[in-house]
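Let us walk through this structure step by step. Keep the sequence and the 3D view side by side as you read.

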Amino acid sequence: MSTLKAIAVSITTLTIAPAAVAQAQQFGQPIAPADIAAWDISIGPDGAGLPPGRGTAIEGEAIYVAKCQACHGEKGISPSVALAGALAGGMGTLAPGKTPIKTVGSFWPYATTLFDYIRRAMPFQESKSLTADEVYAVSAYILNLNGIIGSNDVIDAQSLPKVKMPNRDGFIPFPRNPK
Amino acid sequence: MSRKTHPELGDPVAGNGILSRRIFLEGALVVGATSAGLSRGSAEQLTVQPWMKLPGPGFAGYGQPSPFESKVVKVFPPPPNPAGVGASRTPLHMLEGMITPSGLHFERSHSGVPEIDPDQHRLVIHGLVKRPLVFTVETLSRYPMQSRIAFIECGGNSLALNAPQAQPLNVAAIHGLVGCAEWTGVRLSTLLDEAGFEPEARWVIAEGADAAAMSRSIPLTKAMDDALVCLYQNGERVRPSNGYPVRLLLPGFEGNMNVKWLRRLKLTAGPAMTKDETSKYTILLKEEKAWQFVFPMEVKSVITRPSPGLVLKEPGFYEISGLAWSGNGSIRQVDVSADGGRSWAPAALQGPILPKAPVRFRAAWQWNGGPAVLQSRATDDTGMVQPTRAQFVDERGLRGVYHYNAIASWRIDEMGEASNVYA
């Protein structure tokens, strides 16, 4: 009798315990990289994620005038929409005691951020509508407005990460982040 | 009256009429504070109002505030900026307690508030993971959930106090980019464990489903520590303006990193250097360098009452009430001053005192009708003390824009009106 009871207990243990342990929640569905591609728009500062395509400042100017200038102003200097911010100018204004004018040219540390941001968020009224060539061209135009590249320099997946931004070394870590 | 009186409690414990917090702790009131009311005759003859006699209206599917509270609204600038870009601010001076009503929680958006069909929403986890995964809102809802009360503060809150001259602004206009809710959702670590990250993964790029696809790089350590993928805000589904149907909560971290309308988490070896973590939300110091990746919102407090727009009608007893919070832990102490910081006394802290959540503090004040400068100074349980404005400026100058957390001052004039000053 006691043997039977012991067997019964051990069977119960065997059948219930593994089931309880194995019920870790697994509700995510596998997804193939190809199916993520349309959303995978992050560009690393090393250029990781940059798509094929190319553009120059000359090509970018027409796109800028048609799709960007209404908010960002002619040549990116005097935005008509305050939150748009100036895209060009402000060189030297980070110096101590000066009122900083933080633009792509004076402040942004990485040129790759231009491609990442323009593609995901601009033009404001129809984001994610520009082709890769158009994003490269507009990026080149803004870099050229700041005197960082020439008007015929080709900007593509290879050249964009190599653009040395004037304020590349302008950032230091915050000393009081949690460990 | 059976109320006990403690005459010794009526003696100020700090300059210009700050009384002991024991008044709250021991449930006693100061004799002088109540004498004005007691010395008068009958206040008024009570009348029977119409609503005391007639049945009121019936049920409503979703309750609304009284129409008499129509002035308690978020504040935001008028156009010309495109609608929904920028921020709307919580009217802190009209609220009490620690929780922000969901409809009054501040919002910051970069391309308006998207109207997301929850059935079509997806959250994808990919990059340096063993198993790229996609989740629907329904599958996220099947995980065990967790609630926590936490503040979210915009990195740009209180930036008006960087101005060289104090601006004539009220508490909402200056400090209204902070809110607190009970957030409920799934621990991000649960989802990342399921995806299984590669050993070289150090960062998580979080991205929203809004038209701006707002994105920020988050240290994997934070994601695995206390990050929450939130489905609920104060018991109901997260409001659209706060990220419906899914938002990220990174307790204590800069508001901008708590990505709303969360659609994607990509694990990477390094940060993406997105627009919002390079050109914005970096702190330009006095010299030419800027702090980057400034994560915690450091210890801070603000007096919400009295504050500009709330007039003290007559000399006498007033409660000084406000909020204190720290992105690094719990609030340990709040001191209050009525003489511009020359003398201080500890305020009463109202529980619960939770890490990375605001605490309501209260101090007793006998206003003598003369000029006063009210300040509050918070200390958290890491020992960090809210800096004076002078200490703050000495460390970083006034060009940093973001993460302003210095002691703020309200001047009370002889008319009982409060105004923003530097003191």
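Two residues are in contact if their C-beta atoms, placed from the backbone, lie within 7 Å. Keep that cut-off in mind for the chain boundary. Note too that the model is predicted.

By that rule, 52 residues of chain B are in contact with 42 residues of chain A. Several elements of chain B each supply at least two residues of the side that touches chain A. They are β4 (122-127), β5 (133-136), α5 (188-195), β13 (262-268) and β15 (290-292). What classes of residue make up this side of chain B? It has 25 nonpolar, 15 polar and twelve charged residues.

Now look at β15(B) again. Strand β4 of chain A, residues 171-173, pairs with β15(B). The sense is parallel, and there are three bridges. One link to find is Ile172(A), whose bridge partner in β15(B) is Trp291(B).

Next, move to strand β21 of chain B, residues 359-367. Is this strand mostly covered or mostly open? It is mostly covered: seven of its nine residues are buried.

Strand β21(B) has pairing partners within chain B. Take β17(B), residues 316-325: the two strands pair in the antiparallel sense over nine bridges. Here Glu319(B) has Ala364(B) as its bridge partner. Strand β20(B), residues 348-350, also runs antiparallel to β21(B), joined by three bridges. Then comes β1(B), residues 18-19, antiparallel to β21(B) over two bridges. In that pairing, the bridge partner of Ile18(B) is Trp365(B).

Key. Residues are numbered from 1 along each chain as its sequence is written. Chains are lettered from A and ligands numbered from 1 in the order in which they are written. This is a predicted model: local features need pLDDT of at least 70, side-chain atom pairs count only at pLDDT 80 or more; totals for chains, interfaces and linings use all residues. A residue is buried if 20 or more other C-beta atoms lie within 10 Å of its own, exposed if 12 or fewer, and partly exposed in between; C-beta atoms are placed from the backbone. Helices (H or I, at least four residues) and strands (E, at least two) are DSSP runs, numbered from the N terminus. Two strands pair if DSSP finds at least two bridges between them. Ala, Val, Leu, Ile, Met, Phe, Trp, Tyr, Cys and Pro count as nonpolar, Asp, Glu, Lys and Arg as charged, and the others, Gly among them, as polar.
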